[in-house]
Amino acid sequence: MKQLNFSSLFFEVKKRLENKKFPASLAILNDYRVQNLLLLNCEKKDKFQAASISKTITSLVTLRLEQEGAVDINEDVSKYLKSYRVTDKEGKVIKVSLKQLLTHTAGCTVSGFPGYSLQVKLPSLDQILGGKEPCNTEKVIVDKKLRFKPGYSGGGFMVIQKVLEDVTGKRFEKLAKEKIFRPLSMNNSDFKNRKVKNSKIHPERAAAGLWTTSEDLAKLLVELQLSYNGESNKILKKKMIRKMLRSYIIDRDCLVGLGIYLTKNKKFFFHNGRNYNYQRKMWGSFKDGKGAIFLAKSEENYEFIKKAISSMI
């Protein structure tokens, strides 16, 4: 593939997808604003499942609460949990911190969630954590063999959700709206359990439940970029954003931040994700306000987008 920049990526995606029948959206950022917005078989306000980009929102909510003095991400989460405890397979309580959970180094099990069909009963947060019916995944525990190593865990982010709800007495979706969506005018983003044809429901909100648009995610990217440089603080101050967007551990071909990833050359931060029949990619630069958000309701392979972005970094 020829060398691309974010602007030419727009035309490359448009050329490849313009005859497809599925909904897709692409936002290209330049100089801290949306330069191009591509809408294929969808409207501007049509929401897509954002899958694991939910984890970035969860990280921001957590850091917002730390900024407000409600939590300390270095503390053992047992300090904040009312009744639930993080345990190993023998039932022994294990000390883990929010920082470990946010960086996928706590050793928690359950890497991802398959979702639920539109007709079945959905599990509660406690049932998800305990692996109890009607939950379709195993109990979230700490596997000591995985501790302190990078090991992707959606289950760990459900522990974070439990901490945030116990500390504040509010449901996670309300916290996200108050702390992130409303301040950034992300008016088309939420964590509702929607019943959409050819989709599955993800009640695991903190790990995989976000519904959003490329334009809303662009607002999020721009805020992270501006805050990193001390030019905005709508949700977090510069110090907190820089705590989020730094490297804590290396995981194969990238660096792990708090609920987000960095390229090894530290020029870009990103998070990708995939739910049943949905996939998405979110990339932002540390300088010059460049970035790309791609959302699609399709199981097709978009490896060419990953390769195109990789060629830029």
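Arg64 is found in helix 2 of this predicted model, where a relative accessibility of 17% places Arg64 among the buried residues, because the cut-off for burial is under 20%. Leaving out residues up to four places away in sequence, Arg64 touches Lys179, Pro183, Lys234, Ile235 and Leu236.

On the helix 2 side the contact is made by Lys55, Thr58, Val61, Thr62 and Leu65, which meet Gly154, Phe157, Ile160, Leu164 and Thr168 of helix 5.

Lys177 has its place in helix 6 and counts as partly exposed, at 46% relative accessibility. Setting aside neighbours within four places in sequence, Lys177 is in contact with Arg182 and Pro183, and Pro183 is also one of the residues that Arg64 touches. The C-alpha atoms of Lys177 and Asp190, which stand 13 residues apart along the chain, are separated by 7.2 Å. Lys195, by contrast, lies in the loop between helix 6 and helix 7 and is exposed, with a relative accessible area of 63%. Under the exclusion of residues up to four places away in sequence, Lys195 touches Leu118 and Ile201, while its C-alpha atom is separated by 35 Å from that of Leu146, 49 residues away along the chain.

Aromatic rings form another theme, and a search of the whole structure finds eight aromatic pairs. In one of them, the rings of Phe181 and Phe191 have centres 6.0 Å apart and planes at 20°, so the pair is classed as stacked. Since Phe181 lies in helix 6 (residues 172-181) and Phe191 in the loop between helix 6 and helix 7 (205-208), the pair ties together parts that are 10 residues apart in sequence. Both Phe181 and Phe191 are buried. Ring pairs also link Phe172, Phe181 and Phe191 into a cluster.

Another of the pairs joins Phe269 and Phe286, whose ring centres are 5.3 Å apart and whose planes stand at 70°, so that the arrangement is edge-to-face. Here Phe269 lies in strand 8 (residues 268-275), whereas Phe286 belongs to the loop between strand 9 (278-285) and strand 10 (291-296), and the pair therefore ties together parts that are 17 residues apart in sequence. Both Phe269 and Phe286 are buried.

| Charged residue | Ring residue | Distance from the charged end to the ring centre |
|---|---|---|
| Lys200 | Tyr276 | 5.0 Å |
| Arg242 | Tyr228 | 4.0 Å |

In the arrangement of Lys200 with Tyr276, the charged end of the lysine sits over the tyrosine ring, and the charged end of Arg242 likewise sits over the ring of Tyr228.

Technical notes
Residues are numbered from 1 along each chain as its sequence is written. This is a predicted model: local features need pLDDT of at least 70, side-chain atom pairs count only at pLDDT 80 or more; totals for chains, interfaces and linings use all residues. Side-chain values use heavy atoms; hydrogens and water are left out. Rings of Phe, Tyr and Trp (its six-membered ring) pair if their centres lie within 6.5 Å; planes under 30 degrees apart count as stacked, over 60 as edge-to-face and the rest as tilted. Helices (H or I, at least four residues) and strands (E, at least two) are DSSP runs, numbered from the N terminus. Buried means under 20% relative accessible area, exposed over 50%, partly exposed in between (1.4 Å probe, protein chains only). A charge sits over a ring if NZ of Lys or CZ of Arg is within 6 Å of the ring centre and within 35 degrees of the ring normal. Contact means heavy atoms within 4.5 Å.
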